[in-house]
Amino acid sequence: MADKATLRERPAAVTLTPAAERRVADLMAQAPDDAIGVKLSTPRRGCSGLAYSVDYVTEEAGFDEKIETPGGVFYIDGASVLYLVGSTMDWVEDDFTAGFVFENPNAKGACGCGESFMV
């Protein structure tokens with residue numbers, strides 16, 4: 001008799017810091033009525049090829065990764081997951097700027113202005 005396979009939950013492709021989770025909650029608190037979450041994608045842009053983009057999402061796509069956070073649902077674009085596996089997403093604010101910051105072990109380089117990265 002064969003043993004039952006044990007299903008193990010797979011870790012999320014991207015880890016959100018507590019500051020990033022709070023920012024997702026802030027974004028969802030002011031989201032348009034039809035928004036169901038916030039989505040991270042990596043569109044082709046900039047000198048190095050790929051950029052990070054965080055936007056509201058109004059419908060769930062079949063291959064998107066879904067991460068439940070205390071403040072709302074965070075999605076990762078299914079086509080972008082391979083570029084992001086093992087990454088950490090943080091929210092950083094200082095007197096002059098505010099934005100999401102990514103620590104991505106898959107990035108092999110970035111352009112000088114920080115607009116884009118390559119894998």
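Predicted model: local features only at pLDDT ≥ 70, side-chain atom pairs only at ≥ 80, totals over all residues.
Figure 1. Strand β2 (residues 37-41) pairs with β5 in the antiparallel sense, over five bridges. Two of the residue pairings can be named: V38 has Y56 of β5 as its bridge partner, and G37 has V57 of β5. With β7, strand β2 runs parallel, and three bridges join the two strands. On this side V38 stands opposite F74 of β7.

**Figure 2. Burial along strand β2.** Five of the five residues of β2 are buried, so the strand is largely enclosed by the rest of the structure. G37, K39 and S41 point one way from β2, whereas V38 and L40 point the other way. Residues on both sides are buried, K39 and S41 included. For the chain as a whole, buried residues make up 37% of the 119 residues.

Figure 3. S53 is placed in strand β5. Its relative accessible area is 13%, so S53 counts as buried. The side chains of S53 and D55 are joined by a polar contact of 2.7 Å. Apart from neighbours within four places in sequence, S53 is in contact with K39, L40, S41, P43 and R45. Among these contacts, K39, L40 and S41 are also among the buried residues of β2.

**Figure 4. The three-stranded open sheet.** A second open sheet has three strands in the order β1-β8-β9, again with mixed pairing. Its edge strands are β1 (14-16) and β9, each of which pairs on one side only. The twist from one strand to the next averages 30°. Strand β8 (residues 87-93) and β9 run antiparallel and are joined by six bridges. One of the residue pairings between them is that of M89 with F102 in β9. Helix α1 lies across β1, β8 and β9, running at about 70° to β8.

**Figure 5. The stacked pair Y52 and F102.** The structure holds two aromatic pairs. In the pair shown here, the ring centres of Y52 and F102 are 3.9 Å apart and the planes are at 10°; with planes under 30 degrees apart, the pair is stacked. Y52 belongs to the loop between β4 (49-50) and β5 (53-57), while F102 belongs to strand β9 (residues 98-103). The two residues are 50 residues apart, and the pair links distant parts of the chain. Y52 has a relative accessibility of 23% and counts as partly exposed. F102, at 18%, counts as buried; the cut-off for buried is under 20%. F102 is also the bridge partner of M89.

**Figure 6. The edge-to-face pair W91 and F100, with R23.** The ring centres of W91 and F100 are 4.9 Å apart and the planes are at 70°, so this pair is edge-to-face. W91 has a relative accessibility of 16% and counts as buried. R23 lies over the face of W91, at 4.5 Å from the ring centre.

**Figure 7. Overview of the chain.** The secondary structure comes to two helices and eleven strands. Read from the N terminus, the elements follow the order β-α-β-β-β-β-β-β-α-β-β-β-β. Among contacts between residues at least 6 apart in sequence, 51% join residues at least 24 apart.

Technical notes: Residues numbered from 1 in each chain as written. Heavy atoms only, no water. Phe/Tyr/Trp six-rings, centres within 6.5 Å; stacked < 30°, edge-to-face > 60°. Helix = DSSP H or I, 4+ residues; strand = E, 2+ residues; numbered from the N terminus. Buried < 20%, exposed > 50% of the residue type's maximum accessible area, 1.4 Å probe, protein only. Lys NZ or Arg CZ within 6 Å of the ring centre and 35° of its normal. Pairing = 2+ DSSP bridges. Polar contact = N/O pair within 3.5 Å; in protein donor to acceptor, adjacent residues only side chain to side chain. Contact = heavy atoms within 4.5 Å. Axes fitted to C-alpha atoms, helices over the stretch in contact; angles between N-to-C directions.
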